[in-house]
Amino acid sequence: MSAHESHLLQVNIGPQHPSTHGVFRMEVTLDGETVVALRPVFGYLHRNHEQLAEASSYIQTMPYTDRLDYFNSMTSNYGYALAVERLAGIDVPQRANYIRALMSELTRILNHATAIGFMINDMGAWHTALQFGMREREKILDLFEMASGARMMCNYFRFGGVVRDLPPEFLPYFDQLMRGLPAFFDEFERLLRDNEIIVARSSGIGILPREVAAGYSVTGPVLRGSGIPYDIRRAEPYGIYGELAFDIPVGSVGDVYDRTLVRFAEMRQSYRMLQQIRERLPDTIGGHINPAMANFGKQKALRPPAGEAYARVESPKGELGFYLVSDGSTRPYRYKVRAPSFINLTPLGAMCRGHLLADVVVILGSIDIVMGEVDR
């Protein structure tokens, strides 16, 4: 061991630590307070998700997808439903496609509003930002509860559509939410964007160069913060996304600050899409599900033909993909989830190297992970 190595110190952050956002461990090697190396350690929350799916019927797995990204169950439902529909050749009525996109973009707003708040909290700053984000999240959860009966584990999607149509009180409450969102975006961004402490703690911190981001296959705001305008809603449109006008916000440096600004901009783009969805939402009565899949018995008895399918959605955290192999039975022969929280963690060591220990939790917060996706 060299004289230099003898002065290095290894510190464990987690697996029980409030700033690891769940049972997640980081092995950090320090020279003084400077990070020399960092190794993410997974596996403390392995939930057997993929193995459970292979032992369950296709529809029985839908509630399990709620628990992947338990902050954003609607988009997890969406990705899985698309994969099964592609495998089984099931069509979706247009009204259901609009409802699915509406739920997905509401989900993106609630995710980014709280992700920014949690990251600011990780800096050791005040709770105001998180309270602002949680306030808007609660309003959106009210809408989810109206439609699905649940606030977090919604289990709302079905093969061929959604489990039930929007209730009469949904759209008036949605319109009220939409009237208030622009003021929230302006207030929230003004509170944080030019705050000198936040800028100092995020500008130039955790830089992920675009070629490194692409090499690690990261997606979502982490990738777009590095300047790559890749969004599955544009690259491989699903549902009605090919009909909607929206921009893809990108950063220029790839640091924590850029990733935060991208999330601010994405909330505004989601609002723009929600306006279009509201204007075009078809009035088709009973158009919330394919008639051939209109009851639970038909969903439970589903037997896709032998084959394989992969479907992906642009979840708030990045590409969420489901790979299925069918042997013609009522349950998948193979089931695999491509979870963005897991993939986006892989360059964490490179992002933290050379920074101070205090910056590590901020960089981790800027990735925006949820442990249900990491350990599945």
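Asp231 is buried, because its relative accessibility is 3%, below the 20% cut-off. The model is predicted. Asp231 sits in the loop between α9 (221-225) and α10 (232-235). Its side chain makes a polar contact of 2.6 Å with the side chain of Arg233. The protein chain around this pair holds 16 helices and 8 strands.

**Asp231 and its surroundings**

- Beyond its neighbours within four places in sequence, Asp231 is in contact with Arg224, Phe246, Ile248 and Glu314.
- Ser315 lies 84 residues from Asp231 along the chain. The C-alpha atoms of Asp231 and Ser315 are 9.8 Å apart.

- Arg233 belongs to helix α10.
- Arg233 has 4% relative accessibility, so this residue also counts as buried, again under the 20% limit.
- The side chain of Arg233 has a polar contact with the side chain of Asp231, at 2.6 Å.
- A polar contact of 3.1 Å links the side chain of Arg233 to that of Glu105.
- With neighbours up to four places away in sequence set aside, Arg233 is in contact with Glu105, Arg108, Tyr238, Tyr241, Phe246, Met273 and Glu314.

**Nonpolar core**

- The largest nonpolar core has 106 residues.
- Which residues touch the most other members of this core? They are Met103, Tyr156, Phe159 and Leu348.
- Helix α4 (residues 94-122) gives the most to this core, contributing 12 residues.
- Leaving out residues up to four places away in sequence, Tyr156 touches Met74, Asn77, Ile99, Met103, Ala147, Ser148, Val162, Val163, Arg164, Asp165 and Leu166.
- Met103, one of the residues Tyr156 touches, is also among those with the most core neighbours.

**Cysteines**

- Across the whole structure, a search finds 0 disulfides.
- Cys154 is buried, because its relative accessible area is 4%, under the 20% limit.
- Cys352 is buried too, because its relative accessibility is 0%.

**A surface position**

- Is Pro18 buried or exposed? Pro18 counts as exposed, because its relative accessibility is 75%, over the 50% cut-off.
- Pro18 lies in the loop between β1 (9-13) and β2 (25-31).
- Pro340 is 322 residues from Pro18 along the chain, and their C-alpha atoms are separated by 21 Å.

**Whole chain**

- The protein chain has a radius of gyration of 21 Å. A compact globule of 376 residues would have a value near 21 Å, so the two agree.
- Along the principal axes, the C-alpha atoms fill a box of roughly 70 × 50 × 35 Å.
- Of the 376 residues, 57% are buried.
- Take the contacts between residues at least 6 apart in sequence: 71% of them join residues at least 24 apart.
- The accessible surface comes to about 14,600 Å². Carbon and sulfur atoms account for 53% of that surface.

Conventions
Residues are numbered from 1 along each chain as its sequence is written. This is a predicted model: local features need pLDDT of at least 70, side-chain atom pairs count only at pLDDT 80 or more; totals for chains, interfaces and linings use all residues. Side-chain values use heavy atoms; hydrogens and water are left out. Helices (H or I, at least four residues) and strands (E, at least two) are DSSP runs, numbered from the N terminus. Buried means under 20% relative accessible area, exposed over 50%, partly exposed in between (1.4 Å probe, protein chains only). Contact means heavy atoms within 4.5 Å. A polar contact is a pair of N or O atoms within 3.5 Å; within protein, one must be able to donate a hydrogen and the other to accept it, and residues adjacent in sequence count only if both atoms are side-chain atoms. A disulfide is a pair of cysteine sulfur atoms within 2.5 Å. The radius of gyration is taken over C-alpha atoms; the globule rule is 2.2 Å times the number of residues to the power 0.38. Accessible areas come from the Shrake-Rupley method with a 1.4 Å probe; for residues, only the protein chains shown count as cover. A nonpolar core is a set of buried Ala, Val, Leu, Ile, Met, Phe, Trp, Tyr and Cys residues joined through side-chain atoms within 4.5 Å.
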